[in-house]
Amino acid sequence: MERVPILKLGDILIISIQIDLEDQSVLALQEDLAEAVVAHSARGVIIDITAVEIVDSFIGRMLATIAAMSRMLDAQTVVVGMRPAVAITLVELGLSLGGVRTALNLEKGVALLDHVRGATP
Amino acid sequence: MTVDADVARRRIEELLRTNEEQILRRWTLITKATPEELTDLYQALNRALDSGGEDLADVRGLLAELSRSRARQGFTPSETSRAVFGLKEALYEVVEEDGGADALRGFIWFSRLIDDLGLFTFETYATAREKIILDQAEQLLELSTPVVKLWEGIVAVPLVGTLDSARTQVVMEKLLQTLVDTGAEHAVIDITGVPAVDTQVAQHLLKAVVAARLMGAECVISGIRPQIAHTIVTLGIEFGDIVTKASLADALAHALRRSGVQVSTPRGTRISVRTEDA
């Protein structure tokens with residue numbers, strides 16, 4: 001089973017998904033992330049899915065679950081780099097990822113988190 | 001095939017072979033086509049009949065070519081198929097001279113074959129036409145969905161004409177791809193040119209907006225005319241928290257405000273002063 005690395009940048013955690021996610025990897029990722037958020041007392045989580053070409057409802061739910069989990073631990077989640085085809089698929093699946101913030105790329109995602117923290121210090 | 005039919009058929013084939021010159025001359029007279037085309041066709045037909053009459057690929061190929069070239073010259077498909085049917089008339093004169101029962105019976109068989117071939121030219125014509133129409137529809141689709149840049153970080157899609165699923169799909173894909181390419185964070189979908197909005201069109205628009213939002217861009221729908229606003233409310237369509245504006249100018253002002261741009265007139269009067277909190 002491949003594990004997704006979790007990178008730390010200041011008080012932001014960055015997850016870049018570059019493999020085809022299996023169910024096991026997703027579950028492991030959720031656990032790792034929850035631990036990492038607590039360990040680093042992170043204030044933001046960025047999930048980069050630039051390399052993800054295929055999504056299903058399971059991945060869609062994963063994003064929502066991670067966002068909800070991070071919110072419980074007082075960290076904002078931003079999903080960045082979604083491809084057009086992926087966005088269309090999620091809409092057709094009826095998953096609008098309510099409560100998850102999105103940004104076009106990693107740079108804008110970091111800026112968004114900075115902005116949010118600036119507004120609520 | 002019964003023995004009688006077989007004999008009749010052979011008789012016709014024989015007549016076709018022996019009277020080639022006469023039939024061809026007559027056929028050319030009836031159809032006004034060039035003798036070369038008809039000779040080629042005639043010989044291909046003879047060859048096909050010699051080899052058992054099942055393999056008509058050559059004949060069909062020639063017919064397709066004939067049908068295409070005549071369509072280019074402005075002939076109607078009826079005229080083209082009538083040219084093929086002319087062969088029956090030309091052959092009939094030979095059969096009449098012969099007068100035998102076999103020849104007459106064979107003529108029925110032959111005329112059925114020619115009918116098929118004549119209809120085939122019609123089909124070729126229709127297929128060619130359909131292809132042209134499909135190509136044009138595709139080109140129209142591409143022409144009618146431009147994504148324009150209004151400002152740094154703001155793009156707009158002016159929609160003109162009726163929206164259906166296929167078109168919305170193209171618009172959506174193009175808009176999302178532009179968002180990726182330009183890194184724009186604001187998009188305006190302008191529906192001033194859309195003649196009518198029903199539940200389906202609204203559904204399509206909502207999908208586009210949600211997809212753009214998933215990618216991290218904000219979408220504003222503008223150009224909602226009074227009647228359309230009325231229709232949307234009457235139909236009970238919920239646009240939820242999607243921002244809608246009456247005109248493209250309002251939408252642009254909104255997008256500028258959201259991206260923190262300040263606009264001022266030469267005299268220094270600021271139009272948009274405040275940056276809204278995201």
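This report covers the nonpolar cores, the chain interface, the salt bridges and one surface patch of a predicted model.

Residues are numbered from 1 along each chain as its sequence is written, and chains are lettered from A, with ligands numbered from 1, in the order in which they are written. Because the model is predicted, local features need pLDDT of at least 70 and side-chain atom pairs count only at pLDDT 80 or more, while totals for chains, interfaces and linings use all residues; side-chain values use heavy atoms, leaving out hydrogens and water.

## Nonpolar cores

A nonpolar core is a set of buried Ala, Val, Leu, Ile, Met, Phe, Trp, Tyr and Cys residues joined through side-chain atoms within 4.5 Å. Buried means under 20% relative accessible area, exposed over 50%, and partly exposed in between (1.4 Å probe, protein chains only). In soluble globular proteins, nonpolar side chains tend to be buried together.

The largest core here has 66 residues. A:Met82 and B:Leu179 have the most contacts inside it. Helix H8 (residues 199-214) of chain B gives this core its largest share, nine residues. Helices (H or I, at least four residues) and strands (E, at least two) are DSSP runs, numbered from the N terminus.

What does A:Met82 touch, leaving aside its neighbours within four places in sequence? In chain A, the partners are A:Ile49, A:Ala87, A:Leu90 and A:Leu97. In chain B, they are B:Leu214 and B:Met215. Contact means heavy atoms within 4.5 Å.

A second, separate core holds 32 residues. Among them are B:Tyr42, B:Ala48, B:Leu87 and B:Ala90.

## Interface of chains A and B

The size of an interface is often given as the accessible area lost when the parts come together. Chain A and chain B bury about 1500 Å² between them (accessible area lost on being put together, 1.4 Å probe, summed over both). Carbon and sulfur atoms carry 69% of that area. In residues, 16 of chain A are in contact with 18 of chain B.

One salt bridge is found across this interface. A salt bridge is a side-chain nitrogen of Lys or Arg within 4 Å of a carboxyl oxygen of Asp or Glu. B:Lys207 pairs with A:Glu92. B:Lys207 lies in helix H8 of chain B and A:Glu92 in helix H3 (residues 84-93) of chain A, so the pair joins two chains. B:Lys207 is partly exposed, at 21% relative accessible area. A:Glu92 is also partly exposed, at 45%.

## Salt bridges

Over all chains, the count comes to twelve salt bridges. The table gives three of them, with N to O distances.

| A:Glu92 | B:Lys207 | 3.3 Å |

B:Asp241 lies in the loop between helix H9 (226-235) and strand S5 (243-244) of chain B, and B:Arg213 in helix H8, so their pair ties together parts that are 28 residues apart in sequence. B:Asp241 is exposed, at 60%. B:Arg213 is partly exposed, at 34%.

B:Asp102 and B:Arg105 both lie in helix H6 (residues 101-143) of chain B. They sit three residues apart, about one turn of the helix. B:Asp102 is partly exposed at 29% relative accessibility. B:Arg105 is partly exposed at 39%.

## Surface patch

A:Val38, A:Met72 and A:Leu73 make a nonpolar surface patch of about 320 Å². Such a patch joins nonpolar side chains (Val, Leu, Ile, Met, Phe, Trp, Tyr) within 5 Å, from residues with over 30% relative accessible area and no salt bridge. Accessible areas come from the Shrake-Rupley method with a 1.4 Å probe. A:Val38 lies in helix H1 (residues 23-40) of chain A. A:Val38 is exposed, at 54% relative accessible area.

Methods:
Patch = residues over 30% accessible without salt bridge, like charges linked within 9 Å, V, L, I, M, F, W, Y side chains within 5 Å. Buried area = accessible area lost by both parts, 1.4 Å probe.
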